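Visitor: Please walk me through this model, one feature at a time. Keep it brisk.

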Amino acid sequence: MEFTLLWSALTGVAGLYLALWWMGRRDTRLCVRDLWEITVTAGVIGLAAGRLVAMLRGGVNPVAHPGDLLLVRAGVDTAAASAAALLSAAWLARADLREQLDALAPAALFGLAGWHAGCLFRDACLGTRSSLPWAWSQPGSPITRHPVELYAALLLAMAAWLLFRIRLRYPAPGLIAGLGLSAAGTVRLVTEPMRPTLFTGPVWWYAAAIVAGIAVAAWAMRHPKPTGSTGDVPPLQ
């Protein structure tokens with residue numbers, strides 16, 4: 001049995017957990033356990049929804065073949081999985097929605113960075129041709145290529161760190177969640193031209209994420225947290 005996809009997924013999960021742990025040590029208001037439970041539950045729901053949609057689109061009857069739901073390697077509809085995960089996270093965090101999503105956004109981006117870095121396990125990091133010093137080739141091939149998945153991982157990790165710092169300075173509920181959604185779409189969109197086949201990904205979804213994220217962030221900036229509220233963020237350490 002081939003476990004490379006599993007290792008990539010575990011890299012993303014590990015990145016998510018490490019980000020939550022690191023954030024919790026620097027902002028004692030965060031309840032890392034609650035955030036971890038929300039993300040894991042939303043992730044499982046999203047994965048199940050994405051696999052179900054992939055089965056239906058492939059003509060597989062999930063009622064007649066329920067065991068195929070577990071065959072994640074056979075395909076997962078990423079748009080359905082992402083939408084289901086986001087909606088599930090919003091529902092689970094509904095009691096304190098904007099603040100919880102603000103806390104989750106940097107960790108989620110770091111988890112995505114881990115997933116992209118997991119390309120090293122799958123031997124699937126490379127994109128279009130490149131002569132840059134850090135480009136490399138597939139075994140047996142003289143053509144060097146961009147390590148596009150590692151570009152995405154680095155950009156997402158940088159965005160996660162930056163959003164966490166912004167969150168500590170600007171307590172506008174919903175701001176970080178919006179910027180996080182926009183950052184995820186932006187990273188995927190700007191790295192798309194360096195992928196092996198141009199515009200094979202859900203480009204319109206990336207663009208929609210950017211627009212929706214900016215709209216949420218703009219709304220949050222117009223509705224900042226009142227000065228002196230009990231949830232004021234502590235100063236940077």
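**Salt bridges**

Guide: Asp27 forms a salt bridge with Arg29, and their closest N and O atoms are 3.0 Å apart. The model is predicted, so local features need pLDDT of at least 70 and side-chain atom pairs count only at pLDDT 80 or more, while totals for chains, interfaces and linings use all residues. Residues are numbered from 1 along each chain as its sequence is written, and side-chain values use heavy atoms, with hydrogens and water left out.

Visitor: What is a salt bridge here, and how many does a search of the whole structure find?

Guide: Side chains of opposite charge can pair when their charged atoms come close. The cut-off is a side-chain nitrogen of Lys or Arg within 4 Å of a carboxyl oxygen of Asp or Glu. The search of the whole structure gives five salt bridges.

Visitor: Is Asp27 buried or exposed?

Guide: Buried means under 20% relative accessible area, exposed means over 50%, and partly exposed lies in between (1.4 Å probe, protein chains only). Asp27 has 0% relative accessibility, so Asp27 counts as buried. Arg29 is partly exposed, because its relative accessible area is 38%.

Visitor: Which salt bridge joins Asp27 and an Arg in another part of the chain?

Guide: The side chains of Asp27 and Arg167 meet in one, at 2.7 Å from N to O. This pair links distant parts of the chain, 140 residues apart: Asp27 sits in the loop between α1 and α2 (32–57), Arg167 in helix α6 (residues 148–169). Helices are DSSP runs (H or I, at least four residues), as are strands (E, at least two), numbered from the N terminus. Arg167 is buried, because its relative accessible area is 8%.

Visitor: At what angle do helix α4 and helix α7 pack?

Guide: Two packed helices are described by the angle between their axes and the distance between the axes. Axes are lines fitted to C-alpha atoms, for helices over the stretch in contact, and angles run from 0 to 180 degrees between N-to-C directions. Helix α4 (residues 97–117) and helix α7 (residues 175–191) pack at about 20 degrees, with axes 7 Å apart. So α4 is roughly parallel to α7; that label covers angles under 35 degrees, with over 145 roughly antiparallel, 65 to 115 roughly perpendicular and the rest oblique.

**Backbone**

Visitor: Which residue other than glycine has a positive phi?

Guide: Most residues other than glycine have a negative phi, and most peptide bonds are trans. Asp123 has a positive phi, near 55 degrees. Asp123 lies in the loop between α5 and β1 (136–137). Asp123 is at 49% relative accessibility, so Asp123 counts as partly exposed.

Visitor: What separates the C-alpha atoms of Gln138 and Ala172?

Guide: The separation is 46 Å, for two residues 34 apart along the chain. Gln138 is in the loop between β1 and β2 (144–145). Gln138 is partly exposed, because its relative accessible area is 28%.
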